[in-house]
Amino acid sequence: AEQDALFAQGRTRPGRKVTNAKGGESNHYFGIAFDVGVFEGAVYLGESPRYDVVGALGQEIGLEWGGHWSSMADKPHFQLRPGWAAKMSEAEMLSQLRDRVKAGKAIYA
């Protein structure tokens, strides 16, 4: 429900678009993605050039970084794509993730 509410934002609810994923379609849902926050002291920085530095570090250790996405850049976002999905589009990978979860198969196997 929370993800569906985020998806509605900028579409059927006020605000700017913040996601292209409906509920059950987010890489966060499948446990292969996470977001980071950059802070200055106790103040969260929603936008900052520091995300580019963090993005470079994440990529250096093998994570995909949402800051390079062309459809909707998401600089706080990182994900670890399973090896079997290396050559798949995001949509193909998500379809396979849904199938694997339904079948009780491991995501990274």
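These are my notebook entries on a predicted model of one protein chain.

**Entry 1: the fold.** I began with the secondary structure. I found three helices and five strands in the protein chain. Reading along the sequence, I wrote down the pattern α-β-β-β-α-β-β-α.

**Entry 2: dimensions and surface.** I looked up the extent of the C-alpha trace. Along its principal axes it spans about 45 × 40 × 25 Å. The chain exposes about 7100 Å². Carbon and sulfur atoms supply 55% of that area. Of the 109 residues, 29% count as buried.

**Entry 3: contacts and charges.** I took the contacts with a separation of 6 or more. Residues 24 or more positions apart account for 36% of them. Then I turned to charge. The chain has 13 positive and 13 negative charges, and their mean positions are 6 Å apart.

**Entry 4: the core.** Which residues make up the largest nonpolar core? I listed seven: Phe 30, Ile 32, Ala 85, Met 93, Leu 94, Leu 97 and Ile 107.

**Entry 5: aromatic rings.** I counted three aromatic pairs in the structure. One of them joins Tyr 29 and Phe 30. This pair is edge-to-face, with 5.0 Å centre to centre and 85° between the planes.

**Entry 6: buried or exposed?** I checked both partners. Tyr 29 counts as exposed because its relative accessibility is 55%, and the cut-off is over 50%. Phe 30 has a relative accessible area of 8%, under the 20% limit, so Phe 30 is buried.

Note on methods: Residues numbered from 1 in each chain as written. Predicted model: local features only at pLDDT ≥ 70, side-chain atom pairs only at ≥ 80, totals over all residues. Heavy atoms only, no water. Helix = DSSP H or I, 4+ residues; strand = E, 2+ residues; numbered from the N terminus. Buried < 20%, exposed > 50% of the residue type's maximum accessible area, 1.4 Å probe, protein only. Contact = heavy atoms within 4.5 Å. Areas by Shrake-Rupley, 256 points an atom, 1.4 Å probe, with all protein chains shown as cover. Lys, Arg positive; Asp, Glu negative; His and termini not counted. Charge placed at Lys NZ, Arg CZ, Asp CG, Glu CD. Core = buried A, V, L, I, M, F, W, Y, C linked by side-chain atoms within 4.5 Å. Phe/Tyr/Trp six-rings, centres within 6.5 Å; stacked < 30°, edge-to-face > 60°.
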